Amino acid sequence: MTEYNIALVGFGGVNRALAQLIAERNQAWKKQLGFSLKIVGISDLFLGSIVAPQGLDAGLLSKLPATKGALAQLPGGQVEALNEQVIKDSGADIIAEATFTNPVDGEPASTFCRWALEQGKHVVTTNKGPIALHGAELKALAQRNQAAFEYEGAVMSGTPVIRMAKQSLAGSELSGFEGILNGTSNFVLTRMDAGLGFAEAVAEAQALGYAEADPTADVEGFDVRLKVVILANELLGAQLTVSDVSCRGISGLTAADLEQARAEGARWKLIGSAQRLADGSLQASVEPRLLPLAHPLAGIGGAINAVSFNTELLGAVTVSGPGAGRIETAFALLSDIIHIHQSRTCR
Ligand SMILES: NC(=O)C1=CN([C@@H]2O[C@H](COP(=O)(O)OP(=O)(O)OC[C@H]3O[C@@H](n4cnc5c(N)ncnc54)[C@H](O)[C@@H]3O)[C@@H](O)[C@H]2O)C=CC1
Ligand SMILES: N[C@@H](CC=O)C(=O)O
């Protein structure tokens, strides 16, 4: 039975939910999955940091008060976020990186990934910045150091999309995709349809742990733009950058627009898409689209997301499931760890 030492970088909603899952399920994982996880370090900008090669109590951690420097209350804990020390010196085999997504340059999360990969430590991350903005470099670094770099949760949270499409749609001649790829904006549109104001709906999405630290990224489409870049580069062999994807969010939609759509038997949805054109070029966009109710994406409500892959051999293949949520996204980290474990033990 394998025990992986894991360090958590960023201890907000997602990594705290991972600690909760470890506390509740580690024993069951030994039997079901053939491994368990020991938390040997945590760092967080707000909570501080701790290195504990002997292992930390995941149950206690998942209930740590969300107060400034709270990790300093634990023996050996510090008020400062000593990210580099936690990544390099905690004895971690795996770094779970879940700090803020920076949609402009992907930092400092990309540097956290580099520190880990340079030392041959595996990285699992839900952060979209490093993959969308530095994906090729980080994948090459991982390969050079025989480390895994996994990021299933970066698109559609714990709903299997990236690995599923890469593995199971290989050979199907994928030509593009369109999808609802942001839980917050879809939740906001659904709540506005039920009569809530825009700001109240955004506040609800924040309270439920769906929104980015700055929800502008959700409602202006910047988050979906990163996801379109990730999917296009992973699945369509593209080398897109964010500037290749036109982007408009939902902040311009009013209650009157939604009401008019209802009257016309349609719904507004924020759609991210990329399509390979006949000349081989790729057209990619993020924009609100008015969908007739019969459209497969029109009925997707709340924080649920869905993506339809266009393939030559199967036609459209649509995957739907949670697009955001703390436990849902922590599951994505678990699925990355399972993938790492299986790749190394089932050769
Ligand atoms: N919450 C969700 O539903 C999903 C989140 N994600 C991504 O996962 C990541 C984490 O999400 P959440 O946990 O919800 O966010 P969060 O905002 O709850 O937590 C992020 C944590 O990272 C810490 N942090 C920020 N910068 C840091 C730095 N430089 N050094 C150390 N710690 C730092 C913050 O103090 C905060 O506690 C984000 O990148 C987000 O975009 C991806 C899919 C779904
Ligand atoms: N804020 C994002 C979280 C997942 O990427 C969303 O709402 O989809």
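I began with the lining of the largest pocket, to which helix H1 (13-33), strand S2 (35-44), helix H7, helix H9 (216-219), helix H10 and helix H12 (326-345) each supply at least two residues. Helices (H or I, at least four residues) and strands (E, at least two) are DSSP runs, numbered from the N terminus. For a pocket, I take a 1 Å grid over the protein atoms alone and look for an open set of points where a 1.4 Å probe fits, with protein on both sides within 12 Å along at least five of seven lines; lining residues have an atom within 4 Å of a point.

I note that this is a predicted model, in which local features need pLDDT of at least 70 and side-chain atom pairs count only at pLDDT 80 or more, while totals for chains, interfaces and linings use all residues. Residues are numbered from 1 along each chain as its sequence is written, chains are lettered from A and ligands numbered from 1 in the order in which they are written, and side-chain values use heavy atoms, with hydrogens and water left out.

**The pocket.** I find 49 residues in the lining, with Ala98, Thr99, Phe100, Ala211 and Ala213 nearest the centre of the pocket. The space in this pocket comes to about 1,200 Å³, a volume being the space filled by probe spheres set on grid points that are joined across faces, edges and corners.

**Ligand 1.** Ligand 1 sits in the largest pocket, where sitting requires more than half of its atoms to lie within 2 Å of the grid points. Around ligand 1 I list 24 residues, the closest being Asp44, Thr99, Thr126, Glu212 and Gly325; a residue is listed if one of its heavy atoms lies within 4 Å. I then looked for polar contacts, here pairs of N or O atoms within 3.5 Å. An oxygen atom of ligand 1 lies 2.6 Å from a polar side-chain atom of Asp44, and a backbone atom of Thr99, also polar, is 2.7 Å from an oxygen atom of this ligand.

**Ligand 2.** Ligand 2 also sits in the largest pocket. Helix H7 (183-193) and helix H10 (222-235) each give at least two residues to the shell around ligand 2. Which side chain has an N or O atom 2.7 Å from a nitrogen atom of ligand 2? I find that it belongs to Asp218. For oxygen atoms of ligand 2, I noted polar side-chain atoms of Lys128 at 2.8 Å and of Thr184 at 2.6 Å.

Definitions and conventions
A polar contact is a pair of N or O atoms within 3.5 Å; within protein, one must be able to donate a hydrogen and the other to accept it, and residues adjacent in sequence count only if both atoms are side-chain atoms.
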